[in-house]
Amino acid sequence: MVPDGAMGMSGEGLRIAGLSRLAQVSIPTIKFYLRSGLLHAGQRTGPNQMRYDESHVRRLRVVRALIDRGGLSVAAVAELVGRNGDRSVPDVLTTISRGTPPDATEEARAKWRDRIDEVLARDGRSVAGDNAAATELAGVLAGLELAGHAPDDALLEAYLRAGATVAAAEADQAGGAGGTDECAERLLVSIVLGTVALTAARRLGHDLMTENG
């Protein structure tokens with residue numbers, strides 16, 4: 001008989017101890033994730049027996065990545081992974097958003113919202129007036145202005161073009177991110193951890209400019 005935890009994902013699957021070893025997540029944590037809705041239930045094989053499969057291993061790795069590397073709370077991850085198969089990208093982005101700076105006035109946000117529309121229009125692009133991401137970006141830009149570091153048009157264009165380029169590449173890698181739960185899950189992880197990656201990449205860019213003149 002193949003020891004539990006060493007078997008593949010075909011056949012009878014894994015008991016919780018094997019799932020714990022394979023996913024490298026402790027049994028108490030797995031049980032907590034089950035209670036919290038972060039992990040779907042396994043297949044019941046007896047009064048106190050459950051079996052788990054590849055989808056549980058993948059979900060555990062996603063949850064750990066979102067919490068440990070993405071910095072999301074358990075509640076935020078539960079909301080995301082619990083419905084990720086039927087959520088649009090804007091829905092996901094709204095859920096993981098940190099929110100706009102509270103000190104920015106509505107007038108300042110409106111001004112920057114208009115600036116965003118102006119810059120987008122130069123490339124023949126536009127976005128709905130109630131777009132949540134554009135509203136959030138306007139709030140961030142208003143906060144930068146309040147701190148004395150308002151971006152000029154060149155920097156604002158760089159932000160928008162970088163965002164569009166990365167979003168397109170993420171969607172391509174996720175296979176369109178709309179056909180299956182797995183595709184949506186890939187995009188979810190890419191969006192959350194991609195924010196961390198972009199911060200590191202920007203720091204690397206500044207280091208490269210300093211070290212290479």
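User: In this predicted model, buried means under 20% relative accessible area and exposed means over 50%. Is Glu-157 buried or exposed?
Analyst: Glu-157 lies in helix H8, which covers residues 153–173. The relative accessible area of Glu-157 is 19%. The cut-off for burial is under 20%, so Glu-157 counts as buried.

User: Leaving aside neighbours within four places in sequence, which residues does Glu-157 contact?
Analyst: A contact requires heavy atoms within 4.5 Å. With the neighbours within four places in sequence set aside, the residues in contact with Glu-157 are Val-119 and Arg-122.

User: How is the aromatic pair of Phe-32 and Tyr-33 arranged: stacked, edge-to-face or tilted?
Analyst: The structure holds one aromatic pair. Phe-32 and Tyr-33 form this pair, with 6.1 Å centre to centre and 50 degrees between the planes. Planes under 30 degrees apart count as stacked and those over 60 as edge-to-face, so the pair at 50 degrees is tilted.

User: How many helices and strands does the protein chain have?
Analyst: From the N terminus on, the elements run α-α-β-β-α-α-α-α-α-α-α. The totals for the protein chain are nine helices and two strands.

User: What percentage of the residues in the protein chain is buried?
Analyst: The protein chain has 213 residues. Its accessible surface comes to about 12700 Å², with 54% belonging to carbon and sulfur atoms. The share of buried residues is 32%.

Key:
Residues numbered from 1 in each chain as written. Predicted model: local features only at pLDDT ≥ 70, side-chain atom pairs only at ≥ 80, totals over all residues. Heavy atoms only, no water. Helix = DSSP H or I, 4+ residues; strand = E, 2+ residues; numbered from the N terminus. Buried < 20%, exposed > 50% of the residue type's maximum accessible area, 1.4 Å probe, protein only. Areas by Shrake-Rupley, 256 points an atom, 1.4 Å probe, with all protein chains shown as cover. Phe/Tyr/Trp six-rings, centres within 6.5 Å; stacked < 30°, edge-to-face > 60°.
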